[in-house]
2 protein chains.
Amino acid sequence: MVEDEARLAAALQRGLQAEGFVVDVARTGPAGLDAARHGGYDAMILDVMLPGLSGYELVRTLRAEQHWLPVLMLSAKDGEYDQADGLDCGADDYLTKPFSYVVLLARLRALLRRGAPERPAVLAVGDLRLDPARRRVTRADAEVTLTAREFALLSYLMRRPGQVISKIELLDHVWNASVETAPNIVEVYVGYLRRKLGRDRLETVRGAGYRLAT
Amino acid sequence: MVEDEARLAAALQRGLQAEGFVVDVARTGPAGLDAARHGGYDAMILDVMLPGLSGYELVRTLRAEQHWLPVLMLSAKDGEYDQADGLDCGADDYLTKPFSYVVLLARLRALLRRGAPERPAVLAVGDLRLDPARRRVTRADAEVTLTAREFALLSYLMRRPGQVISKIELLDHVWNASVETAPNIVEVYVGYLRRKLGRDRLETVRGAGYRLAT
DNA sequence: CTCGGCCCTGAGAACGTGCTGAGGACGCCG
DNA sequence: CGGCGTCCTCAGCACGTTCTCAGGGCCGAG
């Protein structure tokens, strides 16, 4: 739940927990966005008026990043266009304050029942797209075939584009090898990926690791 | 749309048609139920107060019959429990009359965007059709006879066409075997299916699993 | 410029994965 | 009992994948 009014947040949290839900609360827009990205939640209750980032922007960002978490929006504005805007930003339902707790609960259940549409959780960086479920990678809409190891390495890098990731970390997560494994294997596979994806997608940061160009 | 007030129905129909929707109207509960069952619609707008069969009962019946058409319920009752009841019967959204047309439209769009969690009576992928009820499979309109195991495997794959499904998962769901069972049996059955359905329907994704070509 | 270390790459060995045909176990039915 | 169909096991083979290794190139520090 992303809600900056502490009392409302606490009341809802208590109520939902009593229903058996596991509830986390974020108080600001950016914090909520972050939680939605990485928290593995089944749904999000989202206030529109938030410090840092409005609920509208939050949903829009989330959808642009291909996250399809069901979102129930709360707002004090009951203008019909506010409601329409919220839904068109990508929210799945919209309630105006003050709202009935029973209604909130029923709508939340309806949302969960409907569930997230099968995750097009597609990672996209530049013209690179990686679909974990379909295990497909395309570069400028052309399919690229990767081996299992190459695929694992690329998806690890694509989850943190622009960041430098050390060979040790890659060995650890992609190979789950111990620290003493020779890091040369990473170099070899980066080489393979460069050959298949283009020379300049993967930058070497000498002495530090590799970075996926954004 | 299932609505017995002729003027409202006509107005909505006109409006939605102007937005590019194809709209049919049913005036009674039973007629609406029938249309929902056989009409192949993408969503249903449903009044609660209907002659013959209430909206609540209609949705409940539909859901009990495993139809997962998105339903937007309309009602003159704005008691919170009415709303909660409607949603708990299986509706996906609920609007109280009088409602704003703009809001209706936005909610309808949100509902369509989320889409029906497809559970079609007949699974179809390419020229392959599989009818779970009749336990029949056809390929380009020619019947294919499958053994029980082959059928189970194929239907599991057809529920998630294009996605890569691991042998472990197949073992788990089609064989409900433990993780330590030798995955060779999956390979064998994929071989059988390929022989019966054609070589290239089932792609092997080395190190990952199998994928039904879309 | 020179040197040391870091990184890249091609060759090929080692390894694993997946495919297939043969055939045994089992249950069903005439 | 014998024939049949289904389910499954097994072992051998083929080939793609993974990894090792060594030589050489590149970069930055001094």
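Asp141(B) is exposed, with 7 other C-beta atoms within 10 Å. This residue of a predicted model occupies the loop between strand E6 (136-139) and strand E7 (142-144) of chain B. Its phi is positive, at about 70°, although Asp141(B) is not a glycine. Arg135(A) likewise has a positive phi, near 50°, and is a residue other than glycine, but Arg135(A) is buried.

**Loop residues with positive phi**

- Arg135(A) sits in the loop that links E5 and E6 of chain A.
- Around Arg135(A) there are 22 other C-beta atoms within 10 Å; the cut-off for a buried residue is 20 or more, so Arg135(A) is classed as buried.
- For Asp141(B) the count is 7; a residue is exposed at 12 or fewer, so Asp141(B) falls in the exposed class.

**The sheet of chain A**

- Chain A contains an open sheet of 4 strands, in the order E4-E5-E6-E7, with antiparallel pairing.
- Strand E4 (123-125) and strand E7 (142-144) of chain A form the edges; each has a single partner strand, so one side of each lacks a neighbour in the sheet.
- On average, and with direction ignored, neighbouring strands of this sheet are turned by 25° against each other.
- E4(A) and strand E5 (residues 128-131) of chain A run antiparallel and are joined by 3 bridges.
- Within this pairing, Leu123(A) stands opposite Leu130(A) of E5(A).
- Helix H6 (residues 148-158) of chain A lies across E4, E5 and strand E6 (136-139) of chain A, and runs at about 115° to E5(A).

**The sheet of chain B**

- Chain B has an open sheet of 4 strands in the order E4-E5-E6-E7, paired antiparallel.
- Its edge strands are strand E4 (123-125) and E7 of chain B, each of which pairs on one side only.
- Val125(B) has Leu128(B) as its bridge partner in E5(B).
- Helix H6 (residues 148-158) of chain B packs on the sheet and touches E4, E5 and E6 of chain B, its direction making about 110° with that of E5(B).

**Helix H2 of chain A**

- Helix H2 (residues 29-38) of chain A has the buried residues Gly29(A), Gly32(A), Leu33(A) and Ala36(A).
- Viewed down the axis of H2(A), the buried residues fall within an arc of 100°, so they line one face of the helix.
- An α-helix has 3.6 residues a turn, so residues three or four places apart point the same way.
- The face of H2(A) turned away from the buried side carries the exposed residues Asp34(A) and His38(A).
- Strand E1 (44-47) and helix H3 (55-64) of chain A are included in what covers the buried residues of H2(A).

**Gly209 of chain B**

- Gly209(B) belongs to strand E10 (residues 209-212) of chain B.
- Gly209(B) counts as buried, with 21 C-beta neighbours inside 10 Å.
- Apart from neighbours within four places in sequence, Gly209(B) is in contact with Val164(B), Ile165(B), Ser166(B) and Lys167(B).
- Val186(B) is 23 residues from Gly209(B) in sequence, and the two are 9.8 Å apart in space, C-alpha to C-alpha.

**Contact between the chains**

- On chain B, 26 residues are in contact with 24 residues of chain A.
- Helix H4 (80-89) and helix H5 (101-114) of chain B are the elements that give two or more residues to the side of chain B that touches chain A.
- H5(B) gives the most to this side, with 7 residues.
- By class, the residues of this side of chain B are 12 nonpolar, 6 polar and 8 charged.

**The surface near DNA strand C**

- There are 18 residues around DNA strand C, of which Gly191(A), Thr204(A), Glu187(B), Gly191(B) and Thr204(B) come nearest.
- Helix H8 (184-197) of chain A and helix H8 (184-197) of chain B are the elements that give two or more residues to this surface.
- The surface near DNA strand C comprises 4 nonpolar, 8 polar and 6 charged residues.

Note on methods:
Residues numbered from 1 in each chain as written. Chains lettered and ligands numbered in written order. Predicted model: local features only at pLDDT ≥ 70, side-chain atom pairs only at ≥ 80, totals over all residues. Contact = placed C-beta atoms within 7 Å. Nonpolar A, V, L, I, M, F, W, Y, C, P; charged D, E, K, R; others polar. Pairing = 2+ DSSP bridges. Axes fitted to C-alpha atoms, helices over the stretch in contact; angles between N-to-C directions. Arc of directions from axis to C-beta. Near = placed C-beta within 6 Å.
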